[in-house]
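Hi everyone, thanks for making the time. I'd like to walk you through one model today, so please have a look at it on the screen.

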Amino acid sequence: MTHSAAPQPGIKRWLYTTNHKDIGSMYLIFSLVMLLIGGTMALLIRSELFQPGLQLMQPEFFNQMTTLHGIIMVFGAIMPAFVGMANWLIPMMVGAPDMALPRINNWSFWLLPCAFGMVLSTLFMEGGAPNFGWTFYAPLSTTYAPPSVTFFIFSVHLMGISSVMGAVNVIATIMNMRAPGMNYMKMPMFVWTWLITAFLLLAVMPVLAGVVTMMLMDIHFGTSFFDAAGGGDPVMFQHIFWFFGHPEVYIMILPAFGIVSHIIPTFARKPLFGYHSMVIATSSIAVLSFIVWAHHMFTVGMPLVGELFFMYSTMLIAVPTGVKVFNWVATMFRGSMTFETPMLFSIAFVVLFTIGGLSGLMLAIAPADFQYHDTYFVVAHFHYVLVPGALFSILAGVYFWIPKWTGVMYNESMGKFHFWMSFIGVNLTFFPMHFVGLAGMPRRIPDYALQFADFNMVASVGAFLFGFSQLIFVYNVVQCIRQRGYPASPEVWESAEGLEWTVDSPAPYHTFQTPPLIK
Amino acid sequence: MKISTEPNTADRLKPSLMIKLVLFPCLMFGFGFLLIPLYDVFCDITGLNGKFDLTNQQVLKQQNLSQQDASISSQKIVLQFTAASDEKKWQFQPNDSQLEINTGKQYQTFFTLHNPTKEVMEFTSIPSISPGLAAEYLIKTECFCFQKQVLQPGEKVEMPLIFQLRSDIPQEYTKLTLAYRIYAKAIERPTHEQLNTSLDE
């Protein structure tokens with residue numbers, strides 16, 4: 001078997017590539033495009049909510065926007081960004097020449113543009129795009145769904161296949177291709193968190209594929225999985241969906257934990273505090289994520305025993321998460337800290353993710369959840385863990401590793417400006433949502449009662465600030481790709497640890513053809 | 001420890017791992033479908049979702065009947081009946097809107113259901129008792145909700161419900177509501193001629 005030494009010319013390089021760095025770049029660029037599309041939808045939502053009343057769009061279109069915004073951000077922006085980073089970094093971090101299954105790697109990427117092309121095409125179909133929310137609860141997504149739901153189902157299948165193949169690839173790479181001497185407890189945290197994430201993906205993406213298949217059968221083949229008329233049960237949909245959905249939220253946050261666990265030690269100039277406890281905490285979060293799903297559905301009429309079980313098991317997750325937050329703070333404690341852009345994003349991650357975690361703890365209290373359920377408080381909670389959580393960690397990671405990827409230092413002052421605009425924008429957008437949520441504003445509505453007007457206006461202003469400040473990031477990244485900037489040294493950062501910093505910047509097309517020996 | 005001089009992706013890959021990694025997602029796909037019977041089995045074993053199956057009810061009923069002779073005081077409780085359906089046209093309603101009943105005694109009431117369509121319809125009824133915690137004290141000996149009801153076009157039926165309240169029901173329950181919701185499904189598609197005539201009308 002021979003690998004071509006140099007990339008093929010032109011578009012063929014990208015279509016046929018089996019190189020983990022090329023595929024990683026494609027994933028990252030794809031997710032950036034999706035972030036901008038999903039972000040545009042978010043801005044449409046926020047412009048409609050700028051004032052009470054219907055200004056810009058009809059409720060039907062508003063519902064399509066909330067649905068597509070959710071689907072695109074979860075499956076198109078956050079997940080592919082982490083897979084892209086895994087592609088770029090895992091082989092370099094474990095000292096492998098490439099991913100274990102390069103051809104499958106190529107295929108799992110190219111499925112994504114197809115899947116999202118299909119999702120976006122539903123906007124132009126008769127009856128409009130899916131309008132049932134990203135959680136697509138039956139019977140909204142079966143009996144009352146627009147005809148485009150079938151396209152939605154097949155694109156979810158494609159996303160699922162892509163994720164599962166990506167996960168198989170990551171596991172095979174980590175288990176088989178580590179450099180001699182790198183045992184499991186010497187693996188970098190990003191590799192560890194991705195290994196666990198990959199197992200979660202393998203376990204739950206097929207369940208998601210199963211639940212959309214059941215929807216497909218209910219819609220087209222006369223079965224009654226979720227239809228009470230035929231003896232089915234719509235609540236069953238929620239159970240199966242959240243059996244996928246809860247591990248899914250950890251799929252979106254565990255790699256973020258890994259990224260932050262690289263950046264904080266680098267800029268605190270201290271080794272990561274409590275490496276072993278980090279690994280154990282990550283694993284226990286993953287295990288616990290399988291037994292808490294019904295906290296998303298406290299109000300469906302569960303028996304008391306069920307409410308209590310899911311309440312306590314959910315609260316239990318705060319323990320390993322608390323261990324991780326403690327470790328990051330302890331890493332920073334008495335370190336020689338400097339505040340470059342990746343570090344700023346990482347510190348913001350620790351603070352704001354903790355806020356999101358705490359509101360999650362509030363939601364976990366079953367009796368209180370009856371008040372919070374389906375309000376903007378929930379929206380505030382999950383945006384706090386996904387935007388300043390997952391997204392900030394991705395931005396931090398891109399700033400941290402882009403000198404290694406492109407060989408060029410990004411513009412630091414522009415990066416800091418991007419950070420502060422994002423930080424202010426995110427908090428302006430999502431913090432007021434806690435208040436309107438507690439006051440009773442329901443989520444997924446295009447119009448609202450007058451008393452929520454002021455906070456919604458603040459949130460909309462914040463959203464535009466946040467949205468447009470991402471263009472600074474896009475500009476900064478494009479400048480790096482165009483090689484405009486100071487060349488980066490191989491180490492890039494003063495005290496960065498890991499094999500990826502031992503190769504040149506930019507990383508050569510093929511790295512670690514001969515595995516390094518780990519002491 | 002073997003350090004290969006010319007590392008090759010394929011050499012280092014263990015086939016057994018790959019088989020497991022492919023098999024596992026396939027099994028999980030099946031597991032997604034398996035969740036449906038698993039939930040039912042789980043609820044049957046633990047009795048968690050308030051559904052008491054028939055055999056359980058028979059046992060309860062016999063226990064209850066034997067207790068009945070010994071029981072001296074029997075409470076009076078108001079039992080309300082409500083009916084709802086996915087579409088108004090079924091005219092699904094209880095014959096008695098409420099009954100004042102004694103615990104430990106058997107009663108009978110009827111629900112009316114009409115099928116005005118030109119199709120054979122199959123109806124599934126889903127019961128619900130509130131307050132929910134009182135559900136276990138209501139014993140149904142016969143109920144139209146035990147099986148699907150099939151109605152011919154234009155047919156109107158009175159469906160029986162035979163029930164009693166266990167005499168050990170706590171004092172605080174003075175009024176219970178038994179609600180049914182009916183879900184309809186056509187079991188025979190109309191022929192094209194029928195469809196055309198109905199469109200002409």
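**A walk through chains A and B**

Let me begin in chain A: helix H14(A) is followed by A:Gly440, whose phi is positive, near 110°. A word on the labels: helices here are DSSP runs of H or I with at least four residues, strands are runs of E with at least two, and both are numbered from the N terminus. This is a predicted model, in which local features need pLDDT of at least 70 and side-chain atom pairs count only at pLDDT 80 or more, while totals for chains, interfaces and linings use all residues. Residues are numbered from 1 along each chain as its sequence is written, and chains are lettered from A and ligands numbered from 1 in the order in which they are written.

Back to that helix. H14 of chain A covers residues 412–438, and its 27 residues should span 39 Å at 1.5 Å a residue; the expected span is 1.5 Å times one less than the number of residues. Its end C-alpha atoms are 39 Å apart, which agrees.

Now to chain B. What are its elements? Chain B has four helices and nine strands, and from the N terminus on they run α-α-α-β-β-β-β-β-β-β-β-β-α. Of its 201 residues, 16% count as buried, where buried takes 20 or more other C-beta atoms within 10 Å of a residue's own, exposed takes 12 or fewer, partly exposed lies in between, and C-beta atoms are placed from the backbone. Among the contacts in chain B with a separation of 6 or more, 71% are between residues 24 or more positions apart; a contact means C-beta atoms, placed from the backbone, within 7 Å.

Let's look at the sheets. One is an open sheet of five strands of chain B, in the order E3-E1-E9-E5-E7, with mixed pairing; strands pair if DSSP finds at least two bridges between them. Strands E3 (98–102) and E7 (149–151) of chain B stand at the edges with a single partner strand each, so one side of each has no neighbour in the sheet.

Inside that sheet, E1(B), residues 76–85, pairs with E3(B) in the antiparallel sense over five bridges. B:Leu79 has B:Leu99 as its bridge partner in E3(B), and B:Lys76 stands opposite B:Asn102. E1(B) and E9(B) run parallel, joined by eight bridges, and B:Phe81 stands opposite B:Leu178 in E9(B).

The other open sheet I'd like to show has four strands of chain B in the order E2-E4-E8-E6, with antiparallel pairing. E2 (93–94) and E6 (138–143) of chain B are its edge strands, each with a single partner, so one side of each is left without a neighbour in the sheet. Five bridges join E6(B) to E8(B), residues 156–165, and B:Cys143 stands opposite B:Leu161 in E8(B).

A quick stop in a loop: is B:Glu87 buried or exposed? B:Glu87, found between E1 and E2 of chain B, is exposed, with 10 other C-beta atoms within 10 Å.

Finally, where do the chains meet? The contact takes 31 residues from chain B and 36 residues from chain A. On the chain B side, H1 (9–12), H2 (15–46), E5 (121–130) and E9 (175–186) each supply at least two residues, with the largest share, 14 residues, coming from H2(B).

Terms used
Two residues are in contact if their C-beta atoms, placed from the backbone, lie within 7 Å.
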